[in-house]
Each structure stands twice: as structure tokens, then as C-alpha cells.
Amino acid sequence: MPAVLGLNFHHDTSAALVVDGRLYAAEEERWSGVKHNHPTRKGTLAAPTRALQWCLEAAGLEPQDIDAVWAASMRPNPAAGWWLAEERDELAALLPAPLGEHLRLLSHHTAHVLSGYLLSGHDHAAGLVIDAGGSSLGSDFGPGRERITGYDLRADRIDRLHQGMPTVVPSPAGPRRVHSSLGHFYRNLARRVVPPGNEPEGSMMALAAFGDPQHYGAQIRELIRLGDDGEVRIDHPWGSADSSTPLLLGGRAWTADNVAEQPEHERADLAAAVQEVFAESVVHIARHLQRLTRASTLVFSGGCALNSHLNGQLAADSGFDTLFVAPAPHDAGTAVGAALYGWHYQLGQERLPVPTDAAWGPQPGALPTTAVPPGYRALTDLGPGLAPTVAALLAERHIVGWVQGQLEFGPRALGHRSILAHPGHAATRDRLNAIKKRAAYRPFAPAVLAEHATEWFMSAGDPFMNRVARVRRCRADRIAAVTHHDGTARVQSVAPDHQGLHELLERFHERTGLPLLLNTSFNRKGTPILRTAEQALAATADLGLDALAVGDTLLLADHVPDPRATAARTR
């Protein structure tokens with residue numbers, strides 16, 4: 001059976017390996033401890049050294065066992081063509097022999113879209129990728145970089161049929177081409193809305209729920225023009241990385257430097273307007289793709305596909321019957337798309353099954369009970385008693401670190417490296433926001449048994465926590481900790497074969513009548529989701545969690561009574 005390696009050398013550095021029909025994938029940040037594994041300076045390349053080493057070791061392979069190596073190109077060279085020999089040589093030099101000799105490049109956006117399409121299970125789909133920027137467009141589309149790309153996708157071919165194009169703007173040196181980006185537009189405005197120290201895009205999406213989109217809606221719509229054939233034109237410099245040019249709104253000059261001076265209710269109104277106009281723009285493009293392809297399924301990827309509110313709107317309004325958001329739509333996912341491209345299109349192998357989980361990474365190792373921190377005690381060898389014991393803790397409103405099985409790939413904790421809590425109490429949400437040092441307006445997501453999802457939400461959710469659904473009004477007061485201000489929630493649907501969370505949800509359901517839990521990532525502020533049991537032990541003490549479950553061992557804070565006496569009780 002062949003083995004194919006996919007790599008991403010840029011931010012969100014990552015590696016993915018497909019062999020024997022199985023996917024191994026990991027992000028370098030989980031070893032480096034640097035979130036997004038940002039290079040030390042812009043444009044610097046970084047090899048996913050430890051992620052790559054883990055993939056090979058987990059599969060029992062040596063570098064010489066690899067048949068093909070693919071990576072996404074990012075060279076912003078306007079004269080470059082599809083294959084960039086200079087970049088290939090530069091990247092190949094970062095790899096151990098003979099991997100570098102096999103390395104080939106495909107476009108950044110093609111790697112993005114295939115990370116979704118080749119896992120979607122659909123034969124025919126439209127593909128849409130929107131982000132800050134990707135590969136050089138080269139001679140096919142003129143100077144510039146990928147910003148918005150549409151595809152017609154089939155099992156035997158990949159057709160690129162829509163490309164966001166540059167605009168010509170005046171400048172002191174004469175007219176020049178500007179390739180604006182919806183990804184830059186959203187980030188540009190987010191930096192004018194969210195104070196430093198918080199992740200801009202995610203925080204603005206959360207804050208938008210508290211604002212009135214009509215307050216600044218007309219002015220924000222003037223910055224973007226929607227034309228025929230899915231065209232989106234963004235006035236310069238709002239579609240660029242420039243967040244210092246003042247945006248004049250409501251008698252205020254909005255910049256990234258004065259954001260802390262703006263009243264929060266005004267920032268919420270601007271956030272709401274930006275979110276609404278941004279979503280309208282993406283729906284406009286998607287409807288054009290539906291007309292071009294006549295496909296019933298849309299596959300969405302790229303950094304903008306992390307916007308779960310946008311994804312909920314796409315599912316409802318784009319004209320497609322089905323929306324499939326790539327399990328890991330950010331740049332780390334390009335390693336998965338590159339590996340799957342080599343596996344399926346180059347080597348002709350059957351596509352992998354549709355996943356219901358993204359647990360493609362390393363195991364955590366055993367909890368070192370000899371190093372239990374002060375204030376905690378360990379209960380060992382719980383075996384089948386772990387799930388009912390933890391369910392009892394959660395029912396009593398304790399906050400539990402949950403480390404089970406292989407590590408998730410991607411930016412969402414999916415029940416393998418999670419912090420879990422009772423979904424029914426707003427005070428729990430407030431305590432968790434304080435523990436994680438997050439803005440009070442940011443919501444938490446529910447993980448729900450897939451078979452019960454539509455009883456609580458207006459749609460079935462997503463196994464990778466990539467879209468919002470509206471909470472049923474008759475249920476909202478029972479799950480206050482995971483219901484956002486606008487009545488929505490970013491729903492993770494947990495399938496019966498989910499190895500990390502399904503049994504615990506069943507036990508909690510039996511005990512409380514609630515088939516869902518609050519699920520958030522197990523990490524400290526500004527750091528990646530943790531990887532090992534040792535890291536979980538340190539983080540539990542640092543964050544002051546009530547308990548930690550690793551394997552069949554449970555760490556309890558001294559103030560928490562032993563739950564085993566009540567664990568057998570059910571609803």
C-alpha cells in the first residue's frame with residue numbers, strides 16, 4: 001500500500017500522512033507551544049519537524065518508505081507559474097533525505113479545498129476557498145495571489161472556474177493593481193473592534209451578537225461592491241492588512257491603535273455590521289458557484305471557513321442542499337489536502353471514509369500520578385467506572401479537564417483535549433471565561449449526542465464544530481451556558497463511534513436529562529491545545545480545574561468530594 005505525505009511549511013505548520021487508508025495528522029504548534037507556529041518573521045519558512053517525525057513513527061515508516069510528498073505553495077511571485085521550482089527547492093532543503101527528492105507543490109487553495117472535498121463523501125461538489133491569501137496566480141489569471149477561488153470538483157478532475165481578481169486603484173506613483181481579500185477585510189476591521197490581547201476574528205464574531213448591524217451597516221456596505229458573476233470589489237485599503245488608516249464612522253476615527261478608547265456598545269454595532277456584510281458577500285459568491293456548477297453540495301475551506309456564523313448562514317442561504325466545511329479549514333489543513341491529493345489523484349487510491357471525528361494525532365501517555373500537584377489527589381484504575389464518575393462530577397457543576405485518546409487535528413477541541421462543564425448554568429460560563437482569561441461576551445460550544453441534536457437545535461450541527469445552529473427557544477433556558485446572546489450555539493454533533501466523548505455524554509444524559517455538555521479547548525490563554533498528560537497535569541493546577549481525567553485515572557481537587565459514591569445514581 002503506498003504512503004503519501006502532505007506538508008505545510010508556513011503558519012499553522014503541519015504534517016499529514018496517508019497510508020493503508022488511514023490518516024495521521026498533527027500540527028507543529030502542539031510540540032513548539034507557539035500558537036499557529038508563527039515563524040519569527042514574516043515570510044520565514046518552518047518545517048513541521050516533530051509533527052512529521054510523529055506521523056512516521058505512528059505509522060511505523062521510515063522516510064524511504066514514502067512514495068509521494070506534496071505541499072501547498074505560498075510563493076507570492078507575480079511572474080511564477082503553477083509549479084515553482086525555486087520554492088520547491090527551498091522547501092525540499094528543509095526535509096530529510098529522501099523526502100525532499102519527492103517533494104512537489106500544488107496551489108494553496110487547491111490544497112485547502114481538497115482537505116474538505118476528499119473527506120466529504122460527495123462525488124460532485126462545488127468548492128469555495130476564501131482566506132487572506134494563497135499561492136501566486138501566475139500567468140493564468142494575471143498578477144496577484146489567490147484570495148477567492150471557486151471549483152467544480154469531481155472524483156476524476158479538479159476544475160478552477162472562479163477567481164477573485166485584482167482591482168486598479170490610483171496611487172501617487174500612478175495606477176496600480178490591488179488584490180483585495182475578504183479575509184483581510186474581516187481581520188482589518190476586527191483589529192479596529194477588538195482590543196489587543198484577544199484573538200481578533202473570533203472575538204469580533206462573538207461580539208457581533210450584542211450589536212445592531214443597522215447602525216453602521218450602510219457605511220460598511222459602501223466599502224464592498226457585489227457585481228455580476230460573483231464579483232466582490234473591496235475599496236482600498238479595507239481589503240488589505242492596513243489597519244492604521246483611519247476608518248471614519250459615526251464621528252469617530254477607528255484604527256487598531258485607538259480601539260480600547262471606543263465604547264463597547266459601539267464596537268459591538270460595528271462588529272455586527274461587518275459580520276453581516278461579510279456573510280452577504282460570501283453568500284453572493286456561493287450562489288454564483290451554484291449557478292455555474294449545478295452541484296447540490298458546497299465544500300468550503302480557507303481561513304474564512306472558521307467563521308461559524310458565516311457557515312450557518314451559508315448552509316441556509318447559499319442555494320446548496322448540503323454544506324460541508326473542511327474538518328480543519330485553516331492553513332494546517334492544507335497538509336491534509338496535499339496528502340489526500342497525492343493519495344487519490346496521483347496514485348489512484350480510493351478516497352478515505354467520511355470522518356465523524358478528527359482524532360488523527362498522538363496519544364497523551366499515562367498520567368504521572370507520582371507528580372500529583374498540591375491540592376489534588378488521584379483515583380486510579382477506574383476502568384468502565386470513569387464515564388459515570390465524571391458524569392456525576394459534571395452534574396454537580398464541577399469543571400473537568402478531559403484527555404482521552406488521540407489528539408484532535410485543527411483549532412477546535414472535539415472531546416479528546418477538552419475542558420468540559422454542565423451546559424445549564426450561566427455562572428459556569430462566567431467562571432470558565434475567568435479561568436481562561438477570555439472576554440466575558442465570548443460563548444462556549446455544546447457537544448451533543450448526534451441522535452438528539454435536532455431536539456435541542458434547529459439543525460443537526462457539525463462533527464467538527466464549524467457552524468452555528470439556532471437553539472430551540474423552548475430549550476434555551478435549560479442550556480444557558482452554551483446559548484449565545486443571539487440565541488445560537490456552535491454545535492458539535494458527537495457520533496456513536498466517537499471514541500472520546502460519546503459514552504460520557506450518554507452517562508450525563510442518563511443522569512441529568514441533558515444530552516450535551518459544554519466543551520471548550522484545554523489550553524491556557526494564547527497557547528495551543530495541549531498534547532500530553534504531563535501538560536494536562538500542569539494546566540489543571542494552573543487553571544484551578546476541579547478534576548482531570550486521563551485514560552482511566554481521575555485527578556480530584558481536595559475540595560471535591562469523591563463522586564464514586566453517587567456515580568451509580570442516574571436520572
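This is a short chat about local features of one predicted model.

Trainee: Before we start, what are the ground rules for this predicted model?
Mentor: Local features need pLDDT of at least 70, side-chain atom pairs count only at pLDDT 80 or more, and totals for chains, interfaces and linings use all residues. Residues are numbered from 1 along each chain as its sequence is written, and side-chain values use heavy atoms, with hydrogens and water left out.

Trainee: OK, Ser 181. Where does Ser 181 sit?
Mentor: In the loop between strand E10 (176-178) and helix H7 (182-190). Helices (H or I, at least four residues) and strands (E, at least two) are DSSP runs, numbered from the N terminus.

Trainee: Is Ser 181 buried or exposed?
Mentor: Ser 181 counts as buried because its relative accessibility is 0%. Buried means under 20% relative accessible area, exposed over 50%, partly exposed in between, with a 1.4 Å probe and protein chains only.

Trainee: What does the side chain of Ser 181 reach?
Mentor: The backbone oxygen of Asp 131, at 2.9 Å.

Trainee: Switching to the backbone. Which peptide bond into Pro 98 is cis?
Mentor: The one from Ala 97, with omega near 0 degrees. Pro 98 is in the loop between helix H3 (85-92) and helix H4 (99-102).

Trainee: And what about the bond from His 236 to Pro 237?
Mentor: That bond is cis, with omega near 10 degrees. Pro 237 lies in the loop between strand E12 (232-234) and strand E13 (247-249).

Trainee: What is the phi of Asp 20?
Mentor: Positive, about 55 degrees, although Asp 20 is not a glycine. Asp 20 lies in the loop between strand E2 (14-19) and strand E3 (22-27). Asp 20 is exposed, with a relative accessible area of 57%.

Trainee: And Asp 381, what is its phi?
Mentor: Near 55 degrees, a positive value in a residue other than glycine. Asp 381 lies in the loop between strand E17 (376-379) and helix H13 (386-395). Asp 381 is exposed, at 65% relative accessible area.

Trainee: On to rings. How many aromatic pairs are there?
Mentor: Six. Rings of Phe, Tyr and Trp (its six-membered ring) pair if their centres lie within 6.5 Å; planes under 30 degrees apart count as stacked, over 60 as edge-to-face and the rest as tilted. One of them is Tyr 24 with Trp 54: centres 6.1 Å apart, planes at 65 degrees, so edge-to-face.

Trainee: Where do Tyr 24 and Trp 54 lie?
Mentor: Tyr 24 lies in strand E3 and Trp 54 in helix H2 (residues 49-59), so the pair ties together parts 30 residues apart in sequence. Both Tyr 24 and Trp 54 are buried.

Trainee: And how are the rings of Trp 70 and Tyr 341 arranged?
Mentor: Their centres are 4.8 Å apart and their planes at 75 degrees, so the pair is edge-to-face. Trp 70 lies in strand E4 (residues 68-73) and Tyr 341 in helix H12 (residues 333-346), so the pair ties together parts 271 residues apart in sequence. Trp 70, Tyr 341 and Tyr 345 form one aromatic cluster.

Note on methods
A polar contact is a pair of N or O atoms within 3.5 Å; within protein, one must be able to donate a hydrogen and the other to accept it, and residues adjacent in sequence count only if both atoms are side-chain atoms.
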